[in-house]
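Open the model in your viewer and get ready to click along. We will begin with the ligand and its surroundings, then move on to a few backbone details.

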Amino acid sequence: MKRAALLASVGAADIQFPFILPNRHKGLPPSDQVNLGLIGCNNRGFHVLLNHLKVEGVNCVALCDCDAKVLKKRSRDLVMAGYAQPVLYEDFRHLLEQKDIDAVIIGTPDHWHCLPTVFACELGKDVYVEKPMANSIEECNVMVKAARKYARVVQVGQQQRSSEVWNQVMQYLASGKLGQIQKTNVWGNFNYGLGPKRQSDSQVPEGVNYDLFLGPASKRPFNDARYHGSWRFFWDYGGGLVTDWGVHLLDMALWAKNIQIPASSVLAAGTQIESAERMRETFDTMTATFNYPGYMVHWENNAGKQIGPFGRHYGVAFVGENGTLVADRSKWEVLPEWDEQKKATKIAPVPATQGANGHVKHPENFIHCVKSREEPVCPVEVGRAVAINAHMANIAVRSGQGFLIWDDQKNRFSNSRMASKLIKPNYRKPWIFPKV
Ligand SMILES: NC(=O)c1ccc[n+]([C@@H]2O[C@H](COP(=O)([O-])OP(=O)(O)OC[C@H]3O[C@@H](n4cnc5c(N)ncnc54)[C@H](O)[C@@H]3O)[C@@H](O)[C@H]2O)c1
């Protein structure tokens with residue numbers, strides 16, 4: 001798109017800084033290059049972008065953030081790192097109109113994953129969307145439909161699928177040595193799960209388009225505790241530890257059995273133990289059991305704690321017939337069961353084995369798929385299944401129901417109308433829940 005046409009299409013307010021159209025990678029044919037736009041630049045989105053830029057032929061041609069300070073800083077960071085100045089936008093809809101963008105990275109808070117993904121798919125752009133795939137069950141559903149209807153490559157940011165450690169774990173499990181896995185225990189104890197300190201509402205900071213930050217979520221006064229990073233602890237924007245770290249770890253429990261659908265039921269309990277000084281809606285203390293035919297997955301989080309089972313504050317334990325495989329992001333090991341008759345362990349122990357994480361490989365896989373049109377390692381169905389599980393656990397507690405039976409065909413909880421009301425968010429006007 002020519003610069004004049006671009007300016008005309010986006011309106012003056014979006015282009016806040018002078019820009020030049022980016023240099024392309026010299027010597028590489030355009031067909032070997034991928035132009036990216038980033039929506040939501042503060043933290044994760046920007047780091048994911050930097051990892052994409054390590055892949056040969058990848059250019060960042062646009063950045064978007066509804067916080068001008070963040071946008072300016074990240075633009076400067078890119079230029080300082082030697083990259084060409086991208087086009088800057090406040091409103092992601094205008095970024096999506098930029099014709100030379102092949103794919104977008106979505107690094108916004110969870111309540112802002114669905115609409116940009118659906119719009120991007122409609123406009124023929126591929127998407128790397130951060131986890132959890134969305135902030136509600138119905139948003140996950142519509143994102144799957146959009147990706148499939150418009151035949152886009154959509155990679156969900158569950159980068160453990162690309163990590164060396166977890167791939168080694170899956171290979172070991174596939175070897176059958178552990179025997180049948182009857183249950184997988186998953187836990188995440190994190191200090192940050194306590195959420196932000198209580199504070200008063202305040203003026204919207206200069207340069208922040210707060211209405212755009214809220215988007216389809218309800219209107220409420222600005223409060224820094226609900227802003228950058230800590231939005232995670234408020235239902236309108238996130239789901240607490242179970243949707244934050246939980247989806248990464250629960251995903252491993254599903255991957256082990258090649259499951260790509262939500263659980264048939266969930267039994268969950270959650271509460272607020274530490275709330276006097278904290279401002280938070282999500283649960284600091286929670287357990288949830290997800291039931292699949294012949295398989296159970298258990299989750300627990302204890303916010304404010306930094307120790308947990310097997311000496312790990314977070315992790316996954318696959319409980320098999322012949323032993324338990326315990327893993328976290330940096331290492332895995334096998335603790336064998338004892339065979340009383342043979343007076344020996346049922347299988348050989350595997351000592352703690354380390355491996356690289358997936359932060360670089362996951363973007364590499366996305367770019368490979370953008371070019372080859374292959375399926376990415378974390379497709380929408382995988383993102384949907386685990387995000388829905390996490391939302392089901394929260395809904396079970398929030399609805400007061402505790403035990404919920406999920407009907408994936410009819411897209412409802414068959415034993416609770418009240419819980420079913422939490423499947424789809426009410427979008428605040430002028431935003432409209434997307435139809436695909
Ligand atoms: N895969 C991982 O390991 C991992 C790690 C951290 C975060 N995340 C995910 O990444 C996402 C972002 O998390 P974060 O910690 O970077 O949050 P953050 O609050 O630090 O950054 C979000 C950015 O999005 C911007 N934003 C909000 N609404 C916007 C809109 N409508 N248009 C454009 N920009 C908008 C905010 O201004 C902010 O700059 C979340 O979904 C989170 O769950 C994933």
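Domain bounds here come from an automatic or database domain assignment. Keep in mind, too, that this is a predicted model.

With those bounds in hand, colour domain 1 (3-161) and domain 2 (164-357 + 380-420), then select the shell around the ligand: each of the two domains gives at least three residues to this shell. The shell holds 28 residues, and Asn42, Asp65, Asp110, His113 and Trp231 are the closest. Colouring the shell by class shows 9 nonpolar, 11 polar and 8 charged residues.

Next, zoom in on individual contacts. Select His113: one of its polar side-chain atoms is 2.8 Å from an oxygen atom of the ligand. At Thr108, look to the backbone, where an N or O atom lies 3.3 Å from a ligand oxygen. Cys66 also uses its backbone, with a polar atom 3.5 Å from a nitrogen atom of the ligand. Of the 850 Å² of accessible area that the ligand has on its own, the protein covers 95%.

Move on to Ala151, in the loop between H6 and strand S6 (154-156). Its phi is positive, near 50°, in a residue other than glycine.

Finish at Lys429 and Pro430, joined by a cis peptide bond with omega about 10°. Pro430 is in the segment after helix H12 (417-420).

Notes: Residues are numbered from 1 along each chain as its sequence is written. This is a predicted model: local features need pLDDT of at least 70, side-chain atom pairs count only at pLDDT 80 or more; totals for chains, interfaces and linings use all residues. Side-chain values use heavy atoms; hydrogens and water are left out. A residue is near a molecule or strand if one of its heavy atoms lies within 4 Å of it. A polar contact is a pair of N or O atoms within 3.5 Å; within protein, one must be able to donate a hydrogen and the other to accept it, and residues adjacent in sequence count only if both atoms are side-chain atoms. Accessible areas come from the Shrake-Rupley method with a 1.4 Å probe; for residues, only the protein chains shown count as cover. Ala, Val, Leu, Ile, Met, Phe, Trp, Tyr, Cys and Pro count as nonpolar, Asp, Glu, Lys and Arg as charged, and the others, Gly among them, as polar. Helices (H or I, at least four residues) and strands (E, at least two) are DSSP runs, numbered from the N terminus.
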